Amino acid sequence: MGSIELVCPAGSPAMLEAAIEAGADSVYCGLRDETNARNFPGLNFDATELTRAVDFAHRKGSNVLVAINTFARAGGEDRWRASVKTAINAGADAIIAADLAVLAHVRQLSSAVRLHLSVQAAANTPEAIRFYVETFGVRRVVVPRVMSAAEIADLIKESSAEIEAFVFGGLCVMTEGRCALSSYVSGQSPNLSGVCSPPEAVSFERTSEGMISRLAGLALDKTPTGATAGYPTLCKGRFATDGDATYLFEEPTSLNAMGLLASLRDAGVKAVKIEGRQRGKAYVARVTRAFRKAIDALDRGESTAPYEHMLTDLAEGGRETEGAYNKRWR
Amino acid sequence: MMHFSEERLSARILTDLALVLRPPMEMMLNLAVKRAWRRSANAFGRLGRFQGRPYLIDPEDLPVAFELTLFEDGGGVKVVRRTRRPMGYVAEISGELMDLLALFDGSADADATFFAGGLTVRGDTGAVLALHNALEAANLRLADLLVPAALAPSLDPVLQRVVDWRRATRRTGGMPHGVH
């Protein structure tokens with residue numbers, strides 16, 4: 001492992017193997033239900049697959065982090081308890097959780113397994129982090145994608161946990177765990193159901209002028225033919241205001257903070273995370289390989305510049321941004 | 001108008017010719033499905049409630065399309081005539097053959113291909129995602145789809161290079177987009 005741990009997504013055993021072969025230090029994955037925030041049809045692991053995946057990863061010197069990072073539903077807590085048990089029995093190196101009840105349950109079952117605080121918990125102050133560390137023994141915090149690099153650097157100075165930061169992939173522009181846009185339109189959210197814009201509510205219509213994406217019948221955007229469309233999420237929708245159709249929240253674009261790896265490392269960021277468990281083998285292999293090369297270059301004292309534009313065609317809308325890391329607004 | 005009719009006539013002749021080859025094509029593709037299932041027995045179970053529901057895979061640059069139905073313990077492929085009438089498919093996925101092949105063997109990123117306009121999907125978007133994830137898990141190789149099993153290991157790298165080259169030249173303008 002280099003100076004920064006590279007944490008990559010795995011939506012399936014095939015993706016996990018692709019990520020590890022491409023140079024991931026750690027992979028994160030979820031079980032096949034609403035206990036993780038990527039609960040899409042055909043995705044994720046069953047108990048047997050998870051056990052095999054952990055064995056494979058350990059043989060290759062990599063870690064497996066299991067995301068149980070949705071908020072337990074009242075009356076349905078058993079499913080979250082079962083996922084925690086499955087992850088521990090499989091030999092997971094860490095559990096990524098956000099819900100206080102899930103964190104507490106993990107600690108009840110095992111004092112050994114590492115706890116990582118999911119981005120879904122949106123912990124962005126030293127006080128919040130201290131609470132999670134002192135109460136549950138949380139070892140690492142994944143910081144929200146709405147924080148600037150300067151804010152993360154300040155946070156690390158007072159943080160009693162390791163800090164992990166997203167550096168590539170889908171960009172939530174809302175504070176994670178607190179966004180209700182998807183459930184407002186479709187009735188399901190990443191927070192409780194594990195899905196933002198559930199696929200059964202999504203439709204696409206190609207016309208002679210382009211493609212119209214809809215969520216629960218509500219038109220989100222119309223992309224002209226030849227242009228690259230964004231994901232069918234309400235936060236990336238285009239809306240008419242004062243007679244002008246514009247992206248009100250955020251344009252369709254992906255995070256790519258490869259150019260900030262050096263400053264994140266120097267600020268004390270312990271691990272960097274790639275988003276995209278729902279993508280596939282081709283995506284994870286290419287992104288992992290590019291970031292592996294960038295981190296290795298950094299550790300040799302070289303620039304990451306040669307690798308910074310290798311992934312543009314994988315980005316949402318074909319465009320990349322450093323997101324909130326360089327934001328100057330509040 | 002005459003030009004349009006001639007085009008339709010030649011397309012129909014090509015389709016009829018391709019349908020003559022239906023038995024060997026279906027045999028080869030059904031063997032491919034069986035091999036994929038044997039190699040990754042749990043993969044098709046990822047379809048969940050979409051098991052047993054027919055998908056239409058429609059390579060726009062071929063004269064025929066394919067009806068794919070998968071179950072937890074196997075599945076089958078039929079070569080079908082392209083039609084505008086609704087045929088009860090749970091989802092229809094159309095695009096150029098090279099893109100579809102690259103998606104089937106997991107060498108192309110499905111989201112990037114779709115959002116760049118390289119694919120069209122109709123029907124249940126959840127069914128499309130489930131099929132993508134099941135095929136990813138099946139670890140198909142291009143050669144599994146295109147050549148007999150005995151030749152697959154040696155021919156797969158060659159086929160992979162051909163598909164990669166074809167897709168790359170199209171992207172970089174080495175060959176016009178959509179050339180048939």
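Predicted model: local features only at pLDDT ≥ 70, side-chain atom pairs only at ≥ 80, totals over all residues.
Local features require pLDDT of at least 70 and side-chain atom pairs count only at pLDDT 80 or more, whereas totals for chains, interfaces and linings use all residues. Residues are numbered from 1 along each chain as its sequence is written, and chains are lettered from A in the order in which they are written.

Between the chains, 27 residues of chain A are in contact (C-beta atoms, placed from the backbone, within 7 Å) with 25 residues of chain B. Elements giving two or more residues to this side of chain A are α1 (13–21), β8 (202–206) and α9 (281–299); helices (H or I, at least four residues) and strands (E, at least two) are DSSP runs numbered from the N terminus. β8(A) gives the most, with four residues.

α1(A) also packs against α2 (47–59) of chain A at about 10 degrees, with axes 10 Å apart; axes are lines fitted to C-alpha atoms over the stretch in contact, and angles run from 0 to 180 degrees between N-to-C directions. The two helices are therefore roughly parallel, a term for angles under 35 degrees.

| Helix | Residues making the contact |
|---|---|
| α1(A) | P13(A), L16(A), E17(A), I20(A) |
| α2(A) | E49(A), R52(A), A53(A), F56(A), A57(A) |

E209(A) lies in the loop between β8 and β9 (210–215) of chain A. E209(A) counts as exposed because it has 10 C-beta neighbours inside 10 Å, the cut-off being 12 or fewer within 10 Å. Leaving aside neighbours within four places in sequence, E209(A) is in contact with P224(A) and T225(A).

Definitions and conventions:
Contact = placed C-beta atoms within 7 Å. Parallel < 35°, antiparallel > 145°, perpendicular 65-115°, else oblique. Buried ≥ 20, exposed ≤ 12 C-beta atoms within 10 Å, placed from the backbone.
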